[in-house]
Amino acid sequence: MPTQTSKPISRSNTRSRKELSRSRSRKELSRSRSRKELSRSRSRKSVSKTSQGLEWNVKNSVCPKTPSHQLTINREGPNWLRITKNDIHKKKKTNKYEIKRLNKSPGIYIIIILKEDPNTLYLLREFTDLFYRNSLDYPEAPVDDGMIGHSSIYSDQEFQMEWLKELTARDFELEASKTSDKSQQKLLNDRAKRIRQQCLLYFAGQLYYDKEIVVWTNHSGHFQPPVNVKHKVGLPIDKFAPMGSPKINKSIQLRYSK
């Protein structure tokens, strides 16, 4: 029988298959790169959103809510302690958070966060116990002259400027409430917001400490910061209690029931 011979493969067919293969490889590589770039882009956006949520911005600015200024205690002096997140240590196998610098000084501390240094917590020891019994008397702010408090972070001149911002914002809001023109209302209310965003403070609260963070709050009659910024402060969220919460007394009682 005659032998059946296979047809010779033309060079053009071989090239076509190779070019097709290369084209597919390039497309797959391109798709792979696109998927990786999309994944990286999503990751960057996710990280960006997370970091933005933890960072302070001008919208978090808080102005004084009352014109009364408490006695000034120089924030550059030794009485205001400055701590960062790095000073807060969680003990292993417990739910205790320690700030070693405070271990020999229990009590209630004023917490302040300023725009000038948003990563720093200014702490001023106001009481030597957790029950508001023993207040501290600082030489630069004697008890006979008045009280110390959250506004003590400011000098008289600074506080006057901060209160003026709040007053100006209130004037714009009052003017807005008197007009029925919606666009004018929005313009005036926006001006009030922008003025308040110029205030120098981000957060004011209280820290109850006795060899561990017992509880911390957004309690401040002068500034009344909102609860929704608690995750920006840098203190443990599980130890937070909003101003006036029964959790504050429960946390103190639990600390001393051991």
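Which residue stands opposite Y209 in β6? The legends below refer to a predicted model.

**View 1. Strand β6 and its pairing with β4.** G107 is the residue that stands opposite Y209 of β6. Strand β4 covers residues 107-114 and runs antiparallel to β6, with eight bridges joining the two. Strand β6 spans residues 201-209 and is mostly covered, nine of its nine residues being buried.

**View 2. The hairpin of β6 and β7.** Strand β7 (residues 213-217) is antiparallel to β6 and is joined to β6 by four bridges. Among the partners shown, Q206 is bridged to T217 in β7. Three residues lie between the strands of this hairpin, where K211 takes a positive phi near 65 degrees.

**View 3. A tilted aromatic pair, F131 and Y256.** The model has eight aromatic pairs. In one of them, F131 and Y256 are tilted, at 5.9 Å centre to centre and with 35 degrees between the planes. This pair links distant parts of the chain, 125 residues apart: F131 is in the loop between β5 (121-127) and α2 (156-177), and Y256 is in helix α5 (residues 247-256). F131 is partly exposed, with a relative accessible area of 39%. Y256 is also partly exposed, with a relative accessible area of 39%.

**View 4. An edge-to-face pair, F203 and W216.** The ring centres of F203 and W216 are 6.1 Å apart; the pair is edge-to-face because the planes stand at 70 degrees, over the cut-off of 60. F203 belongs to strand β6 and W216 to strand β7, so the pair ties together parts 13 residues apart in sequence. F203 is buried, with a relative accessible area of 1%, and W216 counts as buried at 0% relative accessibility.

**View 5. An aromatic cluster.** One cluster is formed by F127, Y132 and Y208.

Key. Residues are numbered from 1 along each chain as its sequence is written. This is a predicted model: local features need pLDDT of at least 70, side-chain atom pairs count only at pLDDT 80 or more; totals for chains, interfaces and linings use all residues. Side-chain values use heavy atoms; hydrogens and water are left out. Buried means under 20% relative accessible area, exposed over 50%, partly exposed in between (1.4 Å probe, protein chains only). Two strands pair if DSSP finds at least two bridges between them. Rings of Phe, Tyr and Trp (its six-membered ring) pair if their centres lie within 6.5 Å; planes under 30 degrees apart count as stacked, over 60 as edge-to-face and the rest as tilted.
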